[in-house]
Amino acid sequence: MKAAVMYKKGELPQYVDFEEPVAQNDQEILVRVKAVAIKHFDRGKAAGTHYSSDAIKATGRVIGGDGVCLLEDGTRVYGMGVSGMLAEKATIEKRRMVKLPEGLSDATAAALANAVIGSAMALRFKAAIQPGDVVLINGATGFTGMVAVQIAKHYGAAKVIATGRNVQSLQNLLKLGADEIIAITPDNSAFLSQVKQRHQEKPIDVIIDYLWGCTAELLLSSLMGQGAFTNKVRFVSVGSMAGDLIQLSAANLRSVDLQLTGSGLGSWRKEQVGLLFTEILPQMFQLAADGKLKVETIEVKLADISGLWNLEVADGKRLVVMI
């Protein structure tokens, strides 16, 4: 079969002939792959920079963690790979697949899944979002951030505040459900002032952060109290596009009712991951099929994998390899 194979961390994947995978037990099945999204997570795993990365064997490894595929009887499903997914065939786990609804394209389903994992899991399980909450999405102009804005509204947020650097993408978020936008600029004081103002007008309940770094420091600083009772804020770190480390004042922590946590591999309970496949993903796939959850994709070919692996795509869009 043809596949995208990484032979050494940091190098480009190669489009080559590779041995077809074989199911190792009765919980795995062989599938024909239709579409796979290329995400920051996949690049990080392949480069060895993501915390969940493992070693690449000398013989190489097929890359790609999840995608849309066909079962032997033709049923179309989203599945998480046991073997690499950027290939004509792959093995997936039976308990980690979801049947896809009619009306949902392969590309949209492949692109949407990881964004749902990166937003719904944080909103529902780590932030415990409640109807009426005020939610701030930091770094909302990225693909997952745009999905998070829409899911926050679906979960009943009374107000969604979106932040980001791309002004045009921020404007587009107003059409997707964001109620207010704040541009991230080199002027940190202006950003801090705007967040403080929004928080004073109607306290922020939830912050979903895809950036970390300097903007996370500013957001946490904006919540700092002065000894009076404060509104509880659930701050959830999901990504670190702006840096992996921050400085956080102990006084900042002591002065506000703050829940600081993260959402990612290793942070969820087993039953929560179970609900992802039995409830959350099916619901979000249906919303997308009904046109109520919108994403934009750029479709490319597997044969071009080396040239497109590091391709930068516009904010709010996702690269999807069609196989």
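This is a predicted model: local features need pLDDT of at least 70, side-chain atom pairs count only at pLDDT 80 or more; totals for chains, interfaces and linings use all residues.
How exposed is K89, in terms of relative accessible area? K89 is partly exposed, at 29%.

## Salt bridges

The side chain of K89 pairs with that of E20 in a salt bridge, where the closest N and O atoms are 3.5 Å apart. K89 belongs to strand β7 (residues 89-99), while E20 sits in the loop between β2 (14-17) and β3 (28-38), so the pair ties together parts that are 69 residues apart in sequence. E20 is partly exposed, with a relative accessibility of 35%. In all, the structure holds 12 salt bridges.

Another of them joins E93 and R95, with 3.1 Å from N to O.

E279 is partly exposed at 35% relative accessibility, and R124 is partly exposed at 26%.

## The open sheet

Now turn to the strands. Six of them form an open sheet with parallel pairing, in the order β10-β9-β8-β11-β12-β13. The edges are β10 (180-183) and β13 (258-262); each has a single partner strand, so one side of each is left without a neighbour in the sheet. On average, neighbouring strands of this sheet are turned by 15° against each other, direction ignored.

Within the sheet, β8 (residues 134-138) and β11 (residues 206-209) run parallel and are joined by four bridges. V135 stands opposite V206 in β11.

## Helices across the sheet

Which strands does helix α5 lie across? Helix α5 (residues 167-175) lies across β9 (159-164) and β10, and runs at about 170° to β10. Helix α6 (residues 188-201) lies across β8, β9, β10 and β12 (233-237), at about 160° to β10.

## Two packed helices

Helix α2 (residues 106-117) packs against helix α4 (residues 143-154) at an angle of about 70°, and their axes are 9 Å apart. That makes α2 roughly perpendicular to α4.

From α2, the contact uses A111, L112, A115 and V116; from α4, it uses F143, T144, V147 and I151. Seven of these contact residues are nonpolar, one is polar and none is charged.

Notes:
Residues are numbered from 1 along each chain as its sequence is written. Side-chain values use heavy atoms; hydrogens and water are left out. Axes are lines fitted to C-alpha atoms, for helices over the stretch in contact, and angles run from 0 to 180 degrees between N-to-C directions. Angles under 35 degrees count as roughly parallel, over 145 as roughly antiparallel, 65 to 115 as roughly perpendicular and the rest as oblique. Contact means heavy atoms within 4.5 Å. Ala, Val, Leu, Ile, Met, Phe, Trp, Tyr, Cys and Pro count as nonpolar, Asp, Glu, Lys and Arg as charged, and the others, Gly among them, as polar. Two strands pair if DSSP finds at least two bridges between them. A salt bridge is a side-chain nitrogen of Lys or Arg within 4 Å of a carboxyl oxygen of Asp or Glu. Buried means under 20% relative accessible area, exposed over 50%, partly exposed in between (1.4 Å probe, protein chains only).
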